[in-house]
Amino acid sequence: MPATPHRMTTRLLRSLLLALVAVLLTLVATTAPTGPAAAADGPTPASARGNAVPTAALTEVTNFGTNPSNLRMYVYVPESVTPKPAVVVAVHWCTGSGPDMYNGTEYDTLADRYGFIVLYPSVTRSSKCFDVSSPQALRRGGGSDPVGVKSMIDWVTRTYDADTSRVFATGISSGAMMTNVLLGDYPDVFTAGAAFSGVPFGCFATSDGSEWNSACSGGTVTRTAKEWGDLARGAYPGYNGPRPRMQIWHGTEDDVLRYPNFGEQIKQWTNVQGVSQTPTRTDTPQSGWTRTRYGGTGDRAPVEAISLQGVGHNLYAQGMASRVLTFFGLDGSGPAPQPQPGACRVTATVNAWSTGLTATVTLTNTGTTTVNGWKLGFTLPTGQKVTGGWGATYAPSSGSVTATNVSYNGTIAPGASVSFGYQASHAGNSAAPAGFTLNGTVCASG
């Protein structure tokens, strides 16, 4: 796949100062060739990010563990690392490399400020694209690139006593597609991801060994939210734990991975998170940007999506990494306020007719302690109104509804389920409810 970012220089200042300590140099930033095929393209020149030269350096690690696709591993460890540091996996674009991602983004300088560790996987196959299409890549432990990346993470967490509950992924273009894949394959490893110009998990799947899927890149692969969610969940069958949050970036004029992939990713990750596809907040953080948040209104909502009007595939620019860190919760702004999926899972099925429907909801306790009394919150699609129900009481009748247990089904043992349901009228939208919370804690769905 073509290179993503639109500007790149190497860190001449860094390397020259390290080699010639006593020499004062002046670095003049240059603009690299643009266009998707320019292998030297990169996000933001190092010189544009300030002239401070950290004493830490990018280091290659070999023999880090199982590595079926012969990836190379680079790691940046700042001079001052916080106790139990977080880990950010920064994944490069096609024709790029781990060092290119290091040189072209600000994650290392942000690591110097906040004390986390940055891991840069690097492809060695001729295309320099990550494998996001093979059956091996699209299942947990199946082989190919995701397994190698997981080995790198394990090496970092062992070596630096890193916090396994704060592992994040971000990528650009091919790296954004790999970010989607990593979060699908290893939902128990990653806390959140940020994808710049990517496609949903499974969209690029091929059966002929090809790395390229023209239908997906052209934006013609569309599925329902549940179908997309099932693809991501299917990478790790039987997993019922918390799912990573996702931040999605896309330009409306993307001519490499077309803009419809933006909406398909939103459908996928809202379904995976079990939240409504209706935004809870919409704003314009910068001219030409439209930001929507799903399942929460704060900086770390379960899903956040940023659409850049009139911007093409090479959308990454100076300052965007800081916004990624805010979403990850690594910028010192405090712990994530948004509830994440807990020890519960909900499935909902709907039988509809012209103006009405019945819905059956099954709530499963996936935890290790008994639930004594439950309130299940969920969001009805616009135009639906509850007219009756069984197995629970419902209030209000539309919008954000809470179903409360009745006398005979308020206790749910670990591994047990309760089913209940309701009748509703609708004005054309007969979709199932979404955004389930059990006693205030987000539930997985599907």
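**Helix packing and open spaces**

Analyst: Helix 7 (residues 225–233) and helix 8 pack at an angle of about 65°, with axes 8 Å apart. Axes are lines fitted to C-alpha atoms, for helices over the stretch in contact, and angles run from 0 to 180 degrees between N-to-C directions. Helices (H or I, at least four residues) and strands (E, at least two) are DSSP runs, numbered from the N terminus.

User: What should I know about the model itself?
Analyst: It is a predicted model, where local features need pLDDT of at least 70, side-chain atom pairs count only at pLDDT 80 or more, and totals for chains, interfaces and linings use all residues. Residues are numbered from 1 along each chain as its sequence is written, and side-chain values use heavy atoms, with hydrogens and water left out.

User: Are helix 7 and helix 8 roughly parallel or roughly perpendicular?
Analyst: Roughly perpendicular. Angles under 35 degrees count as roughly parallel, over 145 as roughly antiparallel, 65 to 115 as roughly perpendicular and the rest as oblique.

User: Which residues in helix 7 meet helix 8?
Analyst: Ala 225, Lys 226, Trp 228, Gly 229, Leu 231, Ala 232 and Arg 233. On the helix 8 side they meet Glu 264, Lys 267, Gln 268, Asn 271 and Val 272. Contact means heavy atoms within 4.5 Å. By class, this contact has 5 nonpolar, 3 polar and 4 charged residues. Ala, Val, Leu, Ile, Met, Phe, Trp, Tyr, Cys and Pro count as nonpolar, Asp, Glu, Lys and Arg as charged, and the others, Gly among them, as polar.

User: And helix 5 with helix 8: at what angle do their axes cross?
Analyst: At roughly 15°, coming within 13 Å. Helix 5 covers residues 174–185 and helix 8 covers 260–273. The two are therefore roughly parallel.

User: Which residues meet there?
Analyst: Asn 180, Leu 183 and Gly 184 in helix 5 meet Gln 265, Gln 268 and Trp 269 in helix 8. That contact has 2 nonpolar, 4 polar and no charged residues.

User: Switching topic. What volume has the largest pocket?
Analyst: About 810 Å³. On a 1 Å grid over the protein atoms alone, a pocket is an open set with protein on both sides within 12 Å along at least five of seven lines, and lining residues have an atom within 4 Å of a point. Grid points are joined across faces, edges and corners, and a volume is the space filled by probe spheres set on the points.

User: What lines the pocket?
Analyst: 36 residues line the largest pocket, with Val 275, Ala 432, Pro 433, Ala 434 and Gly 435 nearest its centre. The lining divides into 14 nonpolar, 20 polar and 2 charged.

How values were computed: On a 1 Å grid over the protein atoms alone, a cavity is a set of points where a 1.4 Å probe fits but cannot get out, and a pocket is an open set with protein on both sides within 12 Å along at least five of seven lines; lining residues have an atom within 4 Å of a point.
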